[in-house]
Amino acid sequence: MLITGAGGEIGHGLIARLAGGNNRRIVTLDVSPLDASIAPQVDREITGSILDKAILERVLAEFEIDLVFHLAALLSTRSEFTPVTAHHVNVEGTLNLLEFAQHEAESHGRPVVFMYPSSIAAYGMPDLDTKARAGRVKEDEWTHPTTMYGCNKLYCEQLGTYYARHYKQLAAEPAKGRVDFRCVRFPGLISALTVPSGGTSDYAPEMIHAAAKGEPYACFVRPDTRIPFMAMPDGVDALMALAAAPRDALTRTAYNVAAFNPSAEEIRDVVVTAFPGARVTWDNDLKRQGIVDSWPADVDDSAARRDWGFAPRYDFRRAFTEYLIPTIRKRYAAA
Ligand code: AKB
């Protein structure tokens, strides 16, 4: 399998999980070298960019890849600062990977499963009243993203669907492969092991990690801000479950997934209880606030539950008591 953006948050979680039992060789591609906690789990680490077609050609010539986790992306806040670069990485990079997957499929005569993490950024709620009234948003509702990242994600979902449909026709011919594109629309992800960078849902993980380290944290969104979240182990499980699902069971290309949707204030309350002495203040960044205000307060993930058995293990309480707090405490104690 090939994992792009392997050194990022999801890549860390995925590689750590695969290390626990996986019979496929893992090839990674990331612009930076992998850190020591995951590098030993990987069979071949390539340092380079998804925009470098020569690297992808080398991978094509050297390996037989039948599963791609295309995780490399610039996240929402970062993309607003460098929208043109974001478009290059998020859209042209994805196009390169889809072309790569198609060539792999053709040259080995079998489908390549292409896993793509999309995002709640693919939605765009016009105002807070509509957001409050909309409740749990379904995949095909309110897809009017307001950010470069959201536009990139929504478009790449369509691009993947195009490759999948196009090559379904070719698959009827013998010895031809196709791209089997599958996508999860992730909510904010919270990992106990890594801190994200460049995202807008980052306030939740930043608040938790700052409290664990005994550092003050000024939260950049209003206390009443509400978007869906999920603990990283459930995010990784979702990717693996969708990748393994029988093709015939899938009724859509992009699936919502989420586990809990606390307000920023509810997150603060849990953090302060878990780490007495935590200092959380509010320092609203209007631009970032505008981004999260355009994301739904919750999503309807019933299609994922029905089609491939999505069932997150961690609700809000369990995410903190059984995963985040013990794992983060251990991490910083060891450090
Ligand atoms: C971001 O904040 O940009 C990401 C996301 C929700 O896709 N975490």
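User: Is Asp140 buried or exposed, and what is its relative accessible area?

Analyst: Start with the cut-offs: buried means under 20% relative accessible area, exposed over 50%, and partly exposed in between, using a 1.4 Å probe and protein chains only. Asp140 has a relative accessible area of 60%, so it is exposed. Bear in mind that this is a predicted model, where local features need pLDDT of at least 70 and side-chain atom pairs count only at pLDDT 80 or more, while totals for chains, interfaces and linings use all residues. Residues are numbered from 1 along each chain as its sequence is written, and side-chain values use heavy atoms, with hydrogens and water left out.

User: Which side chain does Asp140 meet in a salt bridge?

Analyst: A salt bridge here is a side-chain nitrogen of Lys or Arg within 4 Å of a carboxyl oxygen of Asp or Glu. Asp140 pairs with Arg252 at 3.1 Å, N to O. The two sit 112 residues apart: Arg252 is in the loop between helix H8 (232–244) and E11, and Asp140 is in the loop between strand E6 (136–137) and helix H6 (148–171). Those helices (H or I, at least four residues) and strands (E, at least two) are DSSP runs, numbered from the N terminus. Arg252 is partly exposed, at 21%.

User: How many salt bridges are there, and which residues do shared partners join into one network?

Analyst: The count comes to 23. One of them is Asp237 with Arg313, at 3.3 Å, N to O. Asp237 lies in helix H8 and Arg313 in the loop between helix H11 (302–308) and helix H12 (316–334), so the pair ties together parts 76 residues apart in sequence. Shared partners join Arg17, Asp234, Asp237 and Arg313 into one network.

User: What about Glu104: how far away is the nearest side chain of opposite charge?

Analyst: For charge, Lys and Arg count as positive and Asp and Glu as negative; His and the chain ends are not counted. Glu104, in helix H4 (residues 83–108), is buried yet has no salt bridge, and Arg110 is that nearest side chain, 7.1 Å away. Arg110 does meet Glu64 in a salt bridge (3.3 Å, N to O). Contact means heavy atoms within 4.5 Å, and Glu104 touches residues including Val59, Phe63, Glu64 and Val112.

User: How do I read a strand, and which way do the side chains of E7 point?

Analyst: In a regular strand the side chains alternate between the two faces of the sheet. In E7, Val179, Phe181, Cys183 and Arg185 point one way and Asp180, Arg182, Val184 and Phe186 the other, and all are buried. Two strands pair if DSSP finds at least two bridges between them. E5 (residues 112–119) and E7 pair in the parallel sense over eight bridges, with Met115 partnered by Arg182. Three bridges join E7 to E11 (residues 254–256), also running parallel, and there Cys183 has Ala254 as its partner.

User: And how many aromatic pairs are there?

Analyst: A pair of aromatic rings is described by the distance of the centres and the angle of the planes. Rings of Phe, Tyr and Trp (its six-membered ring) pair if their centres lie within 6.5 Å; planes under 30 degrees apart count as stacked, over 60 as edge-to-face and the rest as tilted. The structure holds ten pairs. Tyr162 and Tyr163 have ring centres 5.6 Å apart and planes at 80°, so that pair is edge-to-face. Ring pairs also link Phe114, Tyr116 and Phe181 into a cluster.

Key: Lists of a residue's contacts leave out its neighbours within four places in sequence.
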